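Visitor: I want to see each label set against its cut-off. Show me the model, and then I will ask.

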Amino acid sequence: MPRPAAPALVLGLLIAACAGGPTPYQQAQDGYGYSEQRIEENRYRVSFAGNSATSRQTVEDYLLYRGAELTVQTGHDWFEVVHRNTVQDYSSFGGSPQMGLGVGSGGDFGVGLSFPVLGGGGAARYTADMDILVHDGEKPQQNPDAYDAFAVISRLQPKILAGGP
């Protein structure tokens, strides 16, 4: 192999190896990551979509973190989750071709090859969204749907900065 092609091959392999990891905490790119939409003065819809390598727990943690981050960025102290939903979806194509070898009782043998199509072998991916109301002041202690934005950021930030679990 000529020398100039070797660095390109190594770079290509490194990029391919990184492409298979979980979705990082990021603004939505190519359909993966977080997004938000302002619905009313103090109401937002926040979403996070992960790829098939991103666990449900990570998607939900990233969603909660984004809600807290948005609350602080808009100058508020706490937020209330008024609606939350997580959807598990399967990619329309996934998996790898499989090969099988079989031996019959008469000594005959056969080889089979299968390709996952039309959803066969697909990997699960999670998308989560929530509607939040942002508020000022002290979080009400008796409301289980209320979150102190600064506390959520403090507790989840090490996981976010580390890139997941």
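Visitor: How many salt bridges does the structure hold?

Guide: Seven. A salt bridge here is a side-chain nitrogen of Lys or Arg within 4 Å of a carboxyl oxygen of Asp or Glu. Side chains of opposite charge can pair when their charged atoms come close. This is a predicted model: local features need pLDDT of at least 70, side-chain atom pairs count only at pLDDT 80 or more, and totals for chains, interfaces and linings use all residues. Residues are numbered from 1 along each chain as its sequence is written, and side-chain values use heavy atoms, with hydrogens and water left out.

Visitor: What makes Glu41 and Arg38 a salt bridge?

Guide: The N to O distance between their side chains is 3.1 Å. That is within 4 Å, so the pair qualifies.

Visitor: Are these two residues buried, partly exposed or exposed?

Guide: Buried means under 20% relative accessible area, exposed over 50%, and partly exposed in between (1.4 Å probe, protein chains only). Glu41 has 63% relative accessibility, so Glu41 counts as exposed. Arg38 has 47%, so Arg38 is partly exposed.

Visitor: How do you know that Asp131 and Arg45 form a salt bridge?

Guide: Their N to O distance is 2.7 Å.

Visitor: What makes Glu69 and Arg66 a salt bridge?

Guide: The closest N and O atoms are 2.6 Å apart. Glu69 and Arg66 both lie in helix α2, three residues apart, about one turn of the helix. Both are buried. Salt bridges that share partners join Glu36, Arg66 and Glu69 into one network.

Visitor: On to the rings. How many aromatic pairs are there?

Guide: Five. Rings of Phe, Tyr and Trp (its six-membered ring) pair if their centres lie within 6.5 Å; planes under 30 degrees apart count as stacked, over 60 as edge-to-face and the rest as tilted.

Visitor: Why is the pair of Tyr25 and Tyr65 called edge-to-face?

Guide: The ring centres are 5.2 Å apart and the planes stand at 90°, so the pair is edge-to-face. Tyr25 lies in the loop between α1 (5–19) and β1 (33–40) and Tyr65 in helix α2, so parts 40 residues apart in sequence are tied together. Both Tyr25 and Tyr65 are buried.

Visitor: Why is the pair of Phe48 and Tyr62 called edge-to-face?

Guide: Centres are 5.1 Å apart and planes are at 75°, so the pair is edge-to-face. Phe48 is in strand β2 and Tyr62 in helix α2, 14 residues apart. Both are buried. Ring pairs link Tyr25, Tyr34, Phe48, Tyr62 and Tyr65 into a cluster.

Visitor: Which residues touch the most other members of the largest nonpolar core?

Guide: Tyr25, Val46, Phe48, Phe79, Met130 and Ile132, out of 24 residues in that core. A nonpolar core is a set of buried Ala, Val, Leu, Ile, Met, Phe, Trp, Tyr and Cys residues joined through side-chain atoms within 4.5 Å. β2 (43–49), α2 (56–73), β3 (78–90), β6 (124–135) and α3 (149–162) each supply at least two residues. α2 gives the most, with seven.

Visitor: Why does Thr86 count as buried?

Guide: Thr86 has 17% relative accessibility, so Thr86 falls on the buried side. Thr86 lies in strand β3.

Visitor: What makes Thr86 and Glu60 a polar contact?

Guide: Their side chains meet at 2.7 Å. A polar contact is a pair of N or O atoms within 3.5 Å; within protein, one must be able to donate a hydrogen and the other to accept it, and residues adjacent in sequence count only if both atoms are side-chain atoms.

Visitor: Why is Tyr44 called buried?

Guide: Its relative accessible area is 8%, so Tyr44 is buried. Tyr44 is found in strand β2. Leaving aside neighbours within four places in sequence, Tyr44 is in contact (heavy atoms within 4.5 Å) with residues including Arg38, Leu70, Met130 and Asp131.

Conventions. Helices (H or I, at least four residues) and strands (E, at least two) are DSSP runs, numbered from the N terminus.
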